Amino acid sequence: AAGAALAAGARCYLVVDPVDEDGGPLRPARRLDAVPPTGAWEDLSEREVQVISLVAEGRSNRDVGEALGLSALTVKSHLARIARKLRTGDRAEMVAITLRAGLVS
């Protein structure tokens, strides 16, 4: 069921215990974040990987641009494309996804 939900575009799902130790109501046991469709990070260009690698170091768009010889606006455009490919607009989540995929360290 979880695999089907992820394939249909779900971003995350919850694993729940049927009851707690006292037989109480359902409660979330842990949250498992979904990843983008398998291989979505493989669609990132070499430049996009360079950009997200520097973002993972905590650099600002301006700093990333200076390191790569780009304007901050171009970096922002790269991040927007990365966000679309990874299905998240959250900078930290983009970094987390690429870290889990082993694209950045």
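Leu-54 is found in helix 2, in a predicted model in which local features need pLDDT of at least 70, side-chain atom pairs count only at pLDDT 80 or more, and totals for chains, interfaces and linings use all residues. Residues are numbered from 1 along each chain as its sequence is written, and side-chain values use heavy atoms, with hydrogens and water left out.

At 12% relative accessibility, Leu-54 counts as buried, a term that means under 20% relative accessible area, whereas exposed means over 50% and partly exposed lies in between (1.4 Å probe, protein chains only). Leaving aside neighbours within four places in sequence, Leu-54 is in contact with Arg-59, Val-64, Ala-67 and Leu-68, where contact means heavy atoms within 4.5 Å. Leu-54 and Leu-68 are 14 residues apart in sequence, and their C-alpha atoms lie 9.4 Å apart in space.

The chain as a whole has five helices and two strands, which follow the pattern α-β-β-α-α-α-α along the sequence; helices (H or I, at least four residues) and strands (E, at least two) are DSSP runs, numbered from the N terminus. Of the 105 residues of the chain, 27% count as buried, and among contacts between residues at least 6 apart in sequence, 46% join residues at least 24 apart.

| Helix | Buried residues | Helices packed against or covering |
|---|---|---|
| Helix 2 (residues 46-56) | Glu-48, Val-49, Val-51, Ile-52, Leu-54 and Val-55 | helix 3, helix 4 and helix 5 |
| Helix 4 (72-86) | Val-75, His-78, Leu-79, Ile-82, Ala-83 and Leu-86 | helix 2, helix 3 (61-68) and helix 5 |

Helix 2 and helix 5 pack at an angle of about 110 degrees, with their axes 10 Å apart; the axes are lines fitted to C-alpha atoms, for helices over the stretch in contact, and angles run from 0 to 180 degrees between N-to-C directions. Helix 2 and helix 5 are therefore roughly perpendicular to each other, a class that covers 65 to 115 degrees, while angles under 35 degrees count as roughly parallel, over 145 as roughly antiparallel and the rest as oblique. Ile-52, Val-55 and Ala-56 of helix 2 make this contact with Arg-91, Met-94, Val-95 and Thr-98 of helix 5.

The buried residues of helix 4 include His-78 and Leu-79, and, seen down the axis of helix 4, its buried residues fall within an arc of 140 degrees, so they line one face of the helix. On the other side of helix 4, Leu-73, Lys-76 and Arg-84 are exposed.

Just after helix 2, Gly-58 takes a positive phi of about 90 degrees.

Conventions:
Arc of directions from axis to C-beta.
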